[in-house]
Amino acid sequence: MIEPRTDYGSHTWLELRELAQRDDVVVVIPAATLEDHGYHLPIDTDVRLIEAIARGAVERFNAESTPGAAMLFPTAVHGYTPHHMDFPGTVSLRWNVFVESLLDCGRSLCRHGFDRILILNGHGSNAPLVDIAARLINVEHRAAVAMASTLYLTTPESVESLAAERSSEAGGMSHACELETSLYLALAPEQVQMDKAVKEIPDWNENVWSDWPGAGPLSYMPHWSGLTESGVMGDPTVATAEKGRVWLKRARAEAAGFIAEAASRPRAPGADHHQTDRRVSSGR
Ligand SMILES: [Zn+2]
């Protein structure tokens, strides 16, 4: 049985044709965006973090899991973030263009026989859209197993880890926050300008709040510049590389578990009930 290399794009078409004969190959698509992350983090934060999580997860899964194999698809760098456009550097796709671009990637992969697809999302406002993209791949390709993780560190074990290690108060983890800054410090400390990190937590109440990985019962998203001056939402001043390493490891383990799910989940093509010649049990 042929084993894939980590990167989807590193294969020849002959190799991919052979790999497509397997039924347990998962293509992992990281999704992110370029946008402001405070005075202290680069605009590529979401891209860098989800890529590191996804790559680590693919490598871990391929090293530990048989059967099953995963390939890392190039990151969907540009996502949906029109509410951040007040901040220089932000790039936003229209919501429908973002969904369609993921869908077109899914269509292409399915055409070649890679219909076990996992989208790993690293940017909050992409969440409903990666969900829609995965759903539409399954609708168009009935036998496909397309899934989306709408954000990282969301499982009970991960939420426990966030609570156990964090120093910030409620609201301290949302954007360019204790979490994202710690992760970036763990990956590339030379890119983080900690002396410029500021704490900013909006005036949250029981209806409207945000604290990773959750949010309040009311969805409210005005222009980001109306909520925060620096772009920060949370408390990056308490971030450390040590916490980042713990959370990075946890995020990779979580994502490796999602890959295992996508590799083994039975296909569910369903049946078109418009066909009258199908035998239908009367229940008697
Ligand atoms: Zn971010």
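This dialogue walks through selected features of the structure above.

Colleague: What should I know before reading the model?

Modeller: This is a predicted model: local features need pLDDT of at least 70, side-chain atom pairs count only at pLDDT 80 or more, and totals for chains, interfaces and linings use all residues. Residues are numbered from 1 along each chain as its sequence is written, and side-chain values use heavy atoms, with hydrogens and water left out.

Colleague: Are H37 and E180 buried or exposed?

Modeller: Both are buried. Buried means under 20% relative accessible area, exposed over 50%, partly exposed in between (1.4 Å probe, protein chains only).

Colleague: Now β1. How many of its residues are buried?

Modeller: Seven of the seven, so β1 is largely enclosed by the rest of the structure. The general idea comes next. In a regular strand the side chains alternate between the two faces of the sheet. In β1, V25, V27, I29 and A31 lie on one side, V26, V28 and P30 on the other, and all are buried.

Colleague: In which sense does β1 pair with β2?

Modeller: Two strands pair if DSSP finds at least two bridges between them. β1 and β2 (residues 69-72) run in the parallel sense, over four bridges. V26, for one, has A70 as its bridge partner in β2.

Colleague: How many salt bridges does the structure hold?

Modeller: Side chains of opposite charge can pair when their charged atoms come close. The criterion is a side-chain nitrogen of Lys or Arg within 4 Å of a carboxyl oxygen of Asp or Glu. The structure holds 18.

Colleague: What does the salt bridge of E15 with R5 tie together?

Modeller: The closest N and O atoms of E15 and R5 are 2.7 Å apart. E15 lies in helix α1 (residues 13-19) and R5 in the segment before α1, so the pair ties together parts that are 10 residues apart in sequence. E15 is partly exposed at 24% relative accessible area, and R5 is partly exposed at 38%.

Colleague: Which residue meets D24 in a salt bridge?

Modeller: R22, at 2.9 Å from N to O. D24 counts as buried at 12% relative accessibility, and R22 is buried at 9%.

Colleague: Where do E169 and K199 lie?

Modeller: Their salt bridge has its closest N and O atoms 2.6 Å apart. The pair links distant parts of the chain: E169 is in the loop between α5 (156-165) and β5 (173-175), K199 in the loop between α6 and β6 (210-211), 30 residues apart. E169 is partly exposed at 44%, as is K199 at 43%.

Colleague: Which residues are linked in a network of salt bridges?

Modeller: D23, D115, R116 and R267.

Colleague: On to the backbone. Which peptide bond is cis?

Modeller: The bond from W212 to P213, with omega near 0°. P213 is in the loop between β6 and β7 (214-215).

Colleague: What is the phi of L153?

Modeller: Phi is positive, about 60°, although L153 is not a glycine. L153 lies in the loop between β4 (145-149) and α5. At 0% relative accessibility, L153 counts as buried. A176 also has a positive phi, near 50°, and is a residue other than glycine. A176 is in the loop between β5 and α6.

Technical notes
Helices (H or I, at least four residues) and strands (E, at least two) are DSSP runs, numbered from the N terminus.
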